[in-house]
Structure formats: C-alpha cells, structure tokens
Amino acid sequence: MDTTVPPALRAVRMRLHAQHQAVVLMRRDSPVCQAEGLASRPQVLVMAGGRELPAQLYQVEGDDRLAPDQIALSEDAWQALGLREGDCVQVRHPPLLASLAGVRRRIHGQRLGLDDMNAIVGDVAKGRYTDVHLAAFLTATSTLPLDEQETIDLTRAMVNAGERLRWDAPVVVDKHCVGGLPGNRTTPIVVAVAAANDLVMPKTSSRAITSPAGTADTMETLAPVDLDLPTLRRVVEQEGGCLAWGGAMHLSPADDVFVRIERELDIDTEGQLIASVLSKKIAAGATHVLIDIPVGPTAKVRSPELAHFLACRLAATAAHFDIALRCIFTDGSQPVGRGIGPALEARDVLAVLRGEADAPPDLRLRAAEVAGAVLEMGGAAPAGGGLPLALRTLDEGRAWDKFRRICEAQGGLREPPRACCVRPLPAPRAGRVVRIDNRRLARLAKLAGAPESPAAGIDLRVRLGDHVAEGEPLLFLHAQTQSTLDYALAYAQDAGDLLQLAPPDTPS
C-alpha cells in the first residue's frame, strides 16, 4: 500500500447539491492533479481529519475563482468530512475494489454467495461505488433476478453492513408499506396505537427519495427525527415507541443508496425490494413485522397475483431470520387521506389522532386496520379483535396522548408549516371521478416543491365515485413561491390526466 502523503489542499465550500453524490472540483494545473496523475472525472479518495470519502472529481481550467492549491466540495462531501472553510484535505486515487469481480460475474449470469454480497454491500455502504458501479450491479440482479438464496444473502449482507438494535423485550413489532400510494401516512397513527397498548415499536423510517414525502419527512414537521442511538433507546424505553429517521443511525446503510439508483433506472425487482424491507426491520430489532401491500393500477403492485407472489417471497425470506411476518392487501386505487406532501400529510395524521370531525375517514380506517393487525401479531388483541381495539384506542384519545408523549420525548411536538401560495385546480366539466392516477399526482406534488419545501404539495378534495360540478375544486396546490405554483399548475392544466371524469349519467 502506498503510504506517501499527497500535498494538502485548502477546502472551499461549493454549496452544490449533487443529488446525494460527493463531488469535488479541482484545477487541471493543481499540483495534486499533476502529482497523482488524476484524469478528468475519476473517482478520488478525499481525506481530512481522520475521515476518508470517495468522491467524483471534475476539473476546470482557466478559472481564477479556484486557486491551484484549493479544492471545492459539494454539500454532501463537505458535511460527510465535517469541514470548515480553509481546512486542509488530501486527495489520492481510491483503492482497487476487489468486490467488483463479483459484480462482473453476476453480469455474466453467475450466482453470488454470502461472501460476494458482504463484499459488495460493504463497499457500497462505505461510499466506494460510483453510480456506474451501482447501476451495473442492480441491472445484473434485475436481468437475472435474485433467487431465494441470493435474496437471503443480500438481506444478511445489508444487515451486516450497519448497526443492529437489540431490545429487552420478547416481542418487538414493526410495519412497512411497499409504497406507490400518495398520502398513505398510517405509520404515526399505528405506532401511537401500538405503544398505547403496551407494545414495543421502535419505528425507523426513510426520507423521500423520489416521492413527495417519506414518513421521516412528514414526522419532521411534527417533531425531531434525527435521533442518535442513545436518544432513540431513551424514547422507546420511556414511551414504548418512536418515529425516527433510520439514516441517522446507520441501519442498513446501503439501502438508500440502492433505492436511489433503482428509482433512476426505474427498476424495482422483488429480490431487491425484499432485501431492502427486511434488512431494515432486522436491523431495527423487530421480531414481528406487518407488511401493507397496496394493490392498484397505478400503485407499485398492480395485481392481486403479483401481491400474493411478493407476500410469499417476503414470508419465506423472513423465516430465515426468525421474523414472524404477515402481509395484508389494501386498496391501492387512489391516494389515502387528503394531503400529499410532508406538512399536508402531517395535518391529516393530527386530525385522525385528535379525533377531529373533518379527519379523513379513509386514513382513519386504513390506519386502524393496519394497527389492528399489528396488535394481533404482538399479542395485544385476539384474532379478529385488533381493529375494534385500534378504533377504541383512537376514540378514547389514548393514541393521541401517546403520540404527544412520543413527540415530546423526541424533542417537542410542533404544528406543521403552511404554504405561502395556495390555488385550486377546478374541474374542467361536470362529471364523476372514475380514475385517479397516483403517479401523476405524486409528480404534481413534487413539482409544487415537496418534499424539499415541507409545506408544499396537494390537498386532494375528491375521491373515486364523487360527483363534481364544473369549476368545483378537484384539489388545492400548495407551494412556497408563486413561480413554483405556476409551474405546477402548467403541468396540471389537463386535469383528465390526473383525475378522469366520466359524464354524470354514466353507469358506475
């Protein structure tokens, strides 16, 4: 191994947000570029203060804004290295990745074992894989789908790459929704109901990658979610549950990396999905897991046949890790609740928990059904008694009281923000709502600014089967700036693409 210390460079904060990628910028005549023989756009290893970070290098010439002895870093690189302006860093070629041999074998159709998966996932978790490497691995495991043993090995490798929580309780419950359904924010309600009935539910959730909101984004409008492990343990020991961002605790750290590339490639294979879901549940210390699989024409799972196939594979893999797993199939034909976007979804959650008269009834019932299944799995209710108990817990205010206490333990309950600009999208004609496109609505909410602007998104005012008059609001767009609102409205002008209306007299 080369132990030569390369020349030091002065760090400059570029304030470039590069979509989760660590990027550095150097001059072509930099002494480090010349001494190290760095070509344009290689991956380099950046070192500072005992930390190391693989990063993508771009070079410039004839630009006096960057001195030869300076290096500019993107926000992800800057924060990962914990730098301050003017700090010294070193740059050199990254080490060779032996794990890429496994990726190449998989490209040629060979199956991988646990050692291969451990090596690949370990390098991914350490940030050593470029997007090209990641895309090659994910494409290879999509073209020739992971078999059962590979799925088990990938799941185990993803757990091995991060921290693993363990709890002093015989039963630890968790839940997950496979996604594809805007506004399906049942998790805060389910955690509150479960914890109010003395179950242990340390819920770690993801931020949005390509959706208008992740559970962690929604919860962050209500309470702090960036909990470290000691804080998470204190909250769970005190209240029986928590609602935290999993990324802050290094649980299955390769998962978000894989998911980001999968979304860019628009691939979502069963093996990768199973490893993604179960690795996070195992890492969080769950013993009993409830999986919600929405089924619908514009949901992630399109048919009952695909849903049952996925459920069987999830159960088979979970059994290898001594996880009791149950799947429920729910309606994925339309969004849940009214809000799509962090703050708007949070308001729906609060309305259900507080028992407000105008709380979305579909969100209340769906959350109660999921919570009821969790209560039955965890032994807090007999078979068939979970839903009635969940509804009583909501009606009696015990879930709201528990939710407030969890939020206070995490750092304090707050009201979600409100958008500066709100405008309705009127119905172009009278009719009956016969189809709602989940994917287009999610895109519209993102164009309005969600989740980067927490208050942005959609307040949906109609559901399947509703009759609307011409000019009646189908939804309200929420944005933080007028220009963003105008841009989203331009996309939404053809309302038939988002919500299909049939003539009022058309038979159902």
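**Helix pairs and strand pairing**

Mentor: Start with helix H6 (residues 148-160) and helix H11 (residues 270-283): their axes come within 8 Å and cross at roughly 40 degrees. That angle makes H6 oblique to H11. Keep in mind that this is a predicted model.

Trainee: Which hand does the crossing of H6 and H11 have, right or left?

Mentor: The crossing of H6 and H11 is right-handed.

Trainee: And which residues make the contact?

Mentor: From H6, the contact uses Thr151, Leu154, Thr155, Met158 and Val159. From H11 come Gly271, Gln272, Ile274, Ala275, Ser276, Leu278, Ser279 and Ile282.

Trainee: What about H9 and H16, at what angle do they pack?

Mentor: Helix H9 (residues 229-239) packs on helix H16 (residues 398-410) at an angle of about 150 degrees, and their axes are 9 Å apart. H9 is therefore roughly antiparallel to H16, since angles over 145 degrees count that way. The crossing of H9 and H16 is right-handed.

Trainee: Which residues meet there?

Mentor: On the H9 side they are Arg234, Val235, Gln238 and Glu239. On the H16 side they are Lys402, Arg405, Ile406, Ala409 and Gln410. By class, that contact of H9 with H16 has three nonpolar, two polar and four charged residues.

Trainee: Different topic. Where does Met117 sit?

Mentor: Met117 is in helix H4 (residues 114-125).

Trainee: Buried or exposed?

Mentor: Met117 is counted as buried because its relative accessibility is 0%.

Trainee: What does Met117 touch?

Mentor: Leaving out residues up to four places away in sequence, Met117 touches Leu112, Gly122, Phe137, Leu146, Glu150, Asp153, Leu154 and Ala157. Leu154 also belongs to the H6 side of the contact with H11.

Trainee: Staying with burial, how many residues of H7 are buried?

Mentor: Ten of the ten residues in helix H7 (residues 187-196) are buried. Among them are Pro188, Ile189, Val190 and Val191. H7 is followed by Asp198, which has a positive phi near 70 degrees.

Trainee: On to strands. In what order do the six strands of the barrel go?

Mentor: The barrel closes in the order E1-E5-E2-E4-E3-E6, and its pairing is mixed. From one strand to the next, the twist averages 45 degrees.

Trainee: Mixed how? Which way do E1 and E5 run?

Mentor: Strand E1 (residues 9-13) and E5 run parallel, joined by four bridges. Arg10 has Gln70 in E5 as its bridge partner. E2 and E5, on the other hand, run antiparallel and are joined by two bridges.

Trainee: What does Leu25 stand opposite in E5?

Mentor: Leu25 stands opposite Ala72 in E5. In E4, the bridge partner of Leu25 is Tyr58. Strand E2 (residues 23-27) and strand E4 (residues 51-60) pair in the parallel sense over five bridges.

Trainee: Which way do the side chains of E5 point?

Mentor: In strand E5 (residues 70-73), Gln70 and Ala72 point one way, and Ile71 and Leu73 point the other way. All four are buried. In a regular strand, side chains alternate between the two faces of the sheet.

Trainee: And the open sheet, what is its strand order?

Mentor: The four strands go E12-E15-E17-E13, with antiparallel pairing. Strand E12 (339-340) and strand E13 (421-426) are the edges, each pairing on one side only. E12 is joined by two bridges to strand E15 (residues 457-460), and Gly339 stands opposite Asp459 in E15.

Trainee: Which helix lies across E12, E15 and E17?

Mentor: Helix H17 (residues 438-447) does, running at about 130 degrees to E15. Helix H18 (residues 482-492) also packs on the sheet, where it touches E13 and E17. The direction of H18 makes about 15 degrees with that of E13.

Trainee: Last one. How many bridges join E14 to E18?

Mentor: Four bridges join E14 to strand E18 (residues 499-502), and the two run antiparallel. Val433 stands opposite Leu501 in E18.

Conventions: Residues numbered from 1 in each chain as written. Predicted model: local features only at pLDDT ≥ 70, side-chain atom pairs only at ≥ 80, totals over all residues. Heavy atoms only, no water. Pairing = 2+ DSSP bridges. Axes fitted to C-alpha atoms, helices over the stretch in contact; angles between N-to-C directions. Parallel < 35°, antiparallel > 145°, perpendicular 65-115°, else oblique. Left-handed = near helix turned anticlockwise from the far one by under 90°. Contact = heavy atoms within 4.5 Å. Buried < 20%, exposed > 50% of the residue type's maximum accessible area, 1.4 Å probe, protein only. Nonpolar A, V, L, I, M, F, W, Y, C, P; charged D, E, K, R; others polar.
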